[in-house]
Amino acid sequence: MKGMIIRHGNRKKWVIALTFDDGPQEPYTGQILDLLAKYSIKATFFLTGEKVEQNPDIVRRIISDGHEVGNHSYSHKTMRCRPLKWLRTEIEKADEQLLQAGACQPISFRPPFGRTSFLLISLLKKMKKKMILWDIGPKDYKYAHPYEIVGKVLKKIKPGSIIVLHDGGGDRSVTVETVNILVKDIREMGYKFVTISELID
Ligand SMILES: [Zn+2]
């Protein structure tokens with residue numbers, strides 16, 4: 001199973017992957033897409049199948065803007081202590097929605113809450129899917145001020161880092177403001193933004 005659980009990319013390459021979980025959720029996803037377009041940056045969105053089904057247009061925009069999409073399960077329930085069939089259905093149903101919206105295979109997977117298990121890992125291996133975790137999770141949903149989140153990221157950032165922010169799950173306007181500041185700061189440090197598939201290539 002070596003190489004199938006990813007927490008970061010090559011530590012010698014001056015690249016960063018910005019990822020967004022729990023969307024799509026308007027207006028935040030669209031606002032983040034506007035910012036990414038303004039700065040000419042590509043990111044990766046780990047979407048839940050349920051929300052893709054409800055908002056297919058914004059998913060098509062994510063893809064047509066050149067970003068990558070990943071599978072974040074269908075219903076965003078914890079995947080611990082679940083039977084194999086339940087796990088498989090959660091992953092397959094989300095893939096189905098993503099493919100319908102125009103995603104391309106292989107679609108990587110990020111478990112809800114980053115919670116994993118041996119059963120889930122062995123299933124993903126059978127499905128030839130990589131599990132994408134992160135090394136920088138500033139818990140953007142907990143903070144009221146973008147600078148708190150930016151500070152947390154900049155303190156931990158390293159070549160190859162995977163940053164996770166959230167474009168869904170409540171009011172995400174602080175995350176939108178954070179992206180605007182963070183992207184400029186990271187670029188000034190000389191990093192290039194890449195998608196997850198580019199990061200692990
Ligand atoms: Zn999530």
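Select Ser73 to begin: 24 other C-beta atoms lie within 10 Å, so Ser73 is buried. The model on your screen is predicted. Ser73 sits in the loop between strand 4 (68–71) and helix 4. Check its backbone. Phi of Ser73 is near 75°, which is positive in a residue other than glycine.

**Stop 1: Asp22**

Now pick Asp22, in strand 2. Where does phi of Asp22 lie? Phi is near 75°, again for a residue other than glycine. Is Asp22 buried or exposed? Asp22 has 24 C-beta neighbours inside 10 Å, so it counts as buried.

**Stop 2: two cis peptide bonds**

Pro24 belongs to the loop between strand 2 and helix 1. Next, select Glu26 and Pro27. The peptide bond that joins this pair is also cis, and omega is about 5°. Pro27 is placed in the loop between strand 2 and helix 1.

**Stop 3: helix 1 against helix 7**

Show helix 1 (28–38) and helix 7 (residues 173–188). Their axes are 9 Å apart and pack at an angle of about 15°. An angle under 35 degrees counts as roughly parallel, so helix 1 is roughly parallel to helix 7. The crossing of helix 1 past helix 7 is right-handed.

Now display the contact residues. Helix 1 supplies Tyr28, Gln31, Ile32 and Leu35. From helix 7 come Thr175, Val176, Val179, Asn180 and Val183. How many nonpolar, polar and charged residues does the contact of helix 1 with helix 7 have? Six are nonpolar, three are polar and no residue is charged.

**Stop 4: helix 7 itself**

Helix 7 has 16 residues. From first C-alpha to last, it reaches 24 Å. That is close to the 22 Å expected at 1.5 Å a residue.

Which residues of helix 7 are buried? Colour Val174, Thr175, Val176, Thr178, Val179, Leu182, Val183 and Ile186. What covers these buried residues? The cover includes strand 2 (15–23), helix 1 (28–38), helix 6 (146–156) and strand 6 (162–166).

Then step past the end of the helix. Gly190 follows helix 7, and its phi is positive, near 95°.

**Stop 5: helix 6 against helix 7**

Bring in helix 6. Helix 6 and helix 7 have axes 9 Å apart, at an angle of about 45°. That angle makes helix 6 oblique to helix 7. Their crossing is right-handed.

On the helix 6 side, select Pro146, Ile149, Val150, Val153 and Leu154. On the helix 7 side, select Val174, Glu177, Thr178, Ile181, Leu182 and Asp185. By class, this contact has eight nonpolar, one polar and two charged residues. Val174, Thr178 and Leu182 of helix 7 make part of this contact, and they are among the buried residues of helix 7.

**Stop 6: helix 4 and helix 5**

Clear the view and show helix 4 (residues 84–100) with helix 5 (residues 118–126). How do the two axes meet? They come within 10 Å and cross at roughly 55°. That makes helix 4 oblique to helix 5. Helix 4 passes helix 5 in a right-handed crossing.

Pick out Leu84, Leu87 and Arg88 in helix 4. Their partners in helix 5 are Leu119, Leu120 and Leu123. This contact of helix 4 with helix 5 has five nonpolar residues, no polar ones and one charged one.

**Last stop: Arg88**

Is Arg88 buried, partly exposed or exposed? Arg88 counts as partly exposed, because it has 14 C-beta neighbours inside 10 Å. Now draw a distance from its C-alpha atom to that of Leu124. The two C-alpha atoms are separated by 8.8 Å. Along the chain, Arg88 and Leu124 are 36 residues apart.

Notes
Residues numbered from 1 in each chain as written. Predicted model: local features only at pLDDT ≥ 70, side-chain atom pairs only at ≥ 80, totals over all residues. Helix = DSSP H or I, 4+ residues; strand = E, 2+ residues; numbered from the N terminus. Buried ≥ 20, exposed ≤ 12 C-beta atoms within 10 Å, placed from the backbone. Axes fitted to C-alpha atoms, helices over the stretch in contact; angles between N-to-C directions. Parallel < 35°, antiparallel > 145°, perpendicular 65-115°, else oblique. Left-handed = near helix turned anticlockwise from the far one by under 90°. Contact = placed C-beta atoms within 7 Å. Nonpolar A, V, L, I, M, F, W, Y, C, P; charged D, E, K, R; others polar. Expected span 1.5 Å × (residues − 1).
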